[in-house]
Amino acid sequence: MNIKIIASVGVVLLCSLHSYAQVLHLDNALQRSAENYDRIKSKKSIVSAFEQNTVFQKQQYLPDVTLAAQQSFGTINMVHGSMYAYGGLASASTSLPLAEQNWNAAFGSLYFANVNWNLFTFGRIKNEVKLGQSKEKTAIADLEQEIFQLQVKTSAAYLNLLASQRIQYVQEKNLERAQVFFEMTDSRAKSGLIPEVDASLAKAEVSNAKSLQIKSYDKVLEYSKQLAVFLGEDFKTYQLDSLYSTSIPKSILSPENNDVSKHPLLQLQQSKVDQSLQSESLVKTQRLPNLSAFGVLQGRGSGFESNYMQDNSAYSGSYLKGVGIDRGNYLLGFTLSWNITNLYRFNSKVKEQQYFTQSLKQDYDLLHKELNAQSKLAQSQLTNAYENFEETKVQLSAAQLAYKQHTALYENGLTTLVDYTQALYALNRAEIDYEIAQNNVWQALLLLASSHGDLEILTQKH
């Protein structure tokens, strides 16, 4: 017997622990949404892409090193004349002009290593690197604001689900009261103490209470689906933290703490301004010259002998004869290039980018004003939510007392069914208003937290 008792207690404890582990706390929901939501994963991939772009821009400091090998077979007939290679593409035959056309052909080869190094670009590469870093910061800021917006939506869905669960609980209690009332009325009607119509009306009240309970459960399912989407999970129902249904926040931010400068949206807009300013610096460098060093090491081979011009039979069609290296050359030097017209041409591009920067700054100022106004509005709404919650407590207390009195009066035949039903309606409405008002306090605090860009205002213990 003792073993059975111990086993039963153990099962109860395990079930209790399991149930507790299934409670979804708000801070955990916010973390899971940031980790699992596909849109956030997409933004993280974009950040990684911009990180690689920054690496690429830094690699522009490295010189260009080109290795090439070419092997060809053809004739070398030439005539005096001029030639323009459009786009840099042409075919060239290295030989003096011959008296007449012939079709002697041999293999030839060209091997070279080419190094081109931009020694000094007057800040162009440096600004390209900084612009790449600025784009990376903008992508990170965009990711952070996307996470923040998602967490605001997740918090709202969490509170909406909690409110719908509490309303479902209220409707279940209302159904229980209606069923008790019907049982009492039905037994009294069967005893002939009251008319049968009262029992029929009481039965209708049970049906109505059941219908309201079903509708409230539909809302629970709807908000459960919404929360599951934000968490990146399959549809299921959640057991939520009772803190937000049994208490209200105790502290309210003072008006002096209405600082919105750290809001993720403002941070994103500021990063866009910084990126535009960096683009201005890069465009300005396009007007400056470029200093580069170059070096070429070249080897050539040919199946035509050096006396081919005197003796047209002095050539070999052998592949091995033509692909070796017979002559070598090297070339070293510096190039200073400056497109002077860029001094004039890029003035318009600089002004264009400056206007973009000015537009972004004006958008920043507008967003800052909107967030300040939103913060003040949220502060006022939170104060109103507190006051409304206090009023619903008065309404609920009065409705509970009236329901108890009308129940006692009806049981003793001192009041009518209509009066009792009105008391039942009033109590149900007061209970729903109380739950909604309590939830609205947290919703108003969420609005205040979202205007400040800091959800810790909502998730901290109150």
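Visitor: How do you know how far to trust the protein chain?
Guide: By pLDDT, the predictor's confidence in each residue, from 0 to 100. The protein chain averages 87, and 89% of the residues score at least 70. Over residues 1-21 the pLDDT is below 50. Where pLDDT is low, the predicted coordinates should not be read in detail. Local features here need pLDDT of at least 70, side-chain atom pairs count only at 80 or more, and totals for chains, interfaces and linings use all residues. Residues are numbered from 1 along each chain as its sequence is written, and side-chain values use heavy atoms, leaving out hydrogens and water.

Visitor: Why is Phe-122 called partly exposed?
Guide: Buried means under 20% relative accessible area, exposed over 50%, and partly exposed in between (1.4 Å probe, protein chains only). Phe-122 has 33% relative accessibility, so Phe-122 counts as partly exposed. Phe-122 lies in the loop between S3 and helix H4 (124-190).

Visitor: Which elements give two or more residues to the nonpolar patch?
Guide: The patch, which includes Phe-122 and Trp-117, has about 1,000 Å² of accessible area together. Strand S2 (64-74), strand S3 (106-120) and strand S6 (327-337) each give two or more residues. The largest share, four residues, comes from S3.

Visitor: What makes Arg-124 a residue with no salt bridge?
Guide: A salt bridge needs a side-chain nitrogen of Lys or Arg within 4 Å of a carboxyl oxygen of Asp or Glu. For Arg-124, which is buried, the nearest side chain of opposite charge, Glu-128, is 4.4 Å away. Arg-124 lies in helix H4.

Terms used. Patches are made of residues with over 30% relative accessible area and no salt bridge: like charges are joined within 9 Å, nonpolar side chains (Val, Leu, Ile, Met, Phe, Trp, Tyr) within 5 Å. Accessible areas come from the Shrake-Rupley method with a 1.4 Å probe; for residues, only the protein chains shown count as cover. Lys and Arg count as positive and Asp and Glu as negative; His and the chain ends are not counted. Contact means heavy atoms within 4.5 Å.
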